[in-house]
Amino acid sequence: MVTARRKDLDAWADILGVDNDADAMTALSNYYGRLLTVAGELNWFQKRFETSGVVGGDDILVSLNDAATDTLNAADGLRLLRRSFERHERGVA
């Protein structure tokens, strides 16, 4: 696992518009939750599309799957970044 350095965490805090670890973790948790919601909606739509009986649209299904996968990967990145802030707050990193 890659642990963000203090300088990196300071830059991320600035991007998030916060000035402490606790607020950064809260913001990242919120974004993480929103991304999981989007991924769930993409999967729901993909399943509905698959069962609709619509002919064609393979490109759409592939795109929906790719988008859901990319969204989950982004959420995982935010989760790892949140853990870095958590470790930093505890004085581990």
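Modeller: Before we begin, a helix here is a DSSP run of H or I that is at least four residues long, and helices are numbered from the N terminus. The model we are looking at is predicted.

Colleague: With that in mind, where do Asp-76 and Arg-79 lie?

Modeller: Both residues belong to helix 3, which covers residues 58-89, and they are three residues apart, about one turn of the helix.

Colleague: What makes the pairing of Asp-76 and Arg-79 a salt bridge?

Modeller: The term requires a side-chain nitrogen of Lys or Arg within 4 Å of a carboxyl oxygen of Asp or Glu. For Asp-76 and Arg-79 the N to O distance is 2.6 Å, so the pair qualifies as a salt bridge.

Colleague: Which other pairs form a salt bridge, and how do you know that they qualify?

Modeller: The structure holds three salt bridges. Arg-82 pairs with Glu-86, with the closest N and O atoms 2.8 Å apart, and Asp-8 pairs with Arg-5, with the closest N and O atoms 3.5 Å apart; each value is within 4 Å, and therefore each pair counts as a salt bridge. Arg-82 and Glu-86 are four residues apart in helix 3, which puts about one helical turn between them.

Colleague: Why is Arg-5 called exposed, and why is Asp-8 called partly exposed?

Modeller: Exposed means over 50% relative accessible area, and partly exposed lies between that value and the 20% under which a residue is buried. Arg-5 has 56%, so it is exposed, whereas Asp-8 has 28% and is therefore partly exposed. By that reasoning Asp-76 at 32%, Arg-79 at 31%, Arg-82 at 26% and Glu-86 at 28% are partly exposed.

Colleague: How do you know that the chain is more spread out than a compact globule?

Modeller: Its secondary structure comes to three helices and zero strands. The radius of gyration of this chain is 17 Å, whereas the globule rule gives 12 Å for 93 residues; the value is well over the rule, so the chain is more spread out than a compact globule. Along the principal axes, the C-alpha atoms fill a box of roughly 55 × 20 × 20 Å.

Note on methods: Residues are numbered from 1 along each chain as its sequence is written. This is a predicted model: local features need pLDDT of at least 70, side-chain atom pairs count only at pLDDT 80 or more; totals for chains, interfaces and linings use all residues. Side-chain values use heavy atoms; hydrogens and water are left out. Helices (H or I, at least four residues) and strands (E, at least two) are DSSP runs, numbered from the N terminus. The radius of gyration is taken over C-alpha atoms; the globule rule is 2.2 Å times the number of residues to the power 0.38. Buried means under 20% relative accessible area, exposed over 50%, partly exposed in between (1.4 Å probe, protein chains only).
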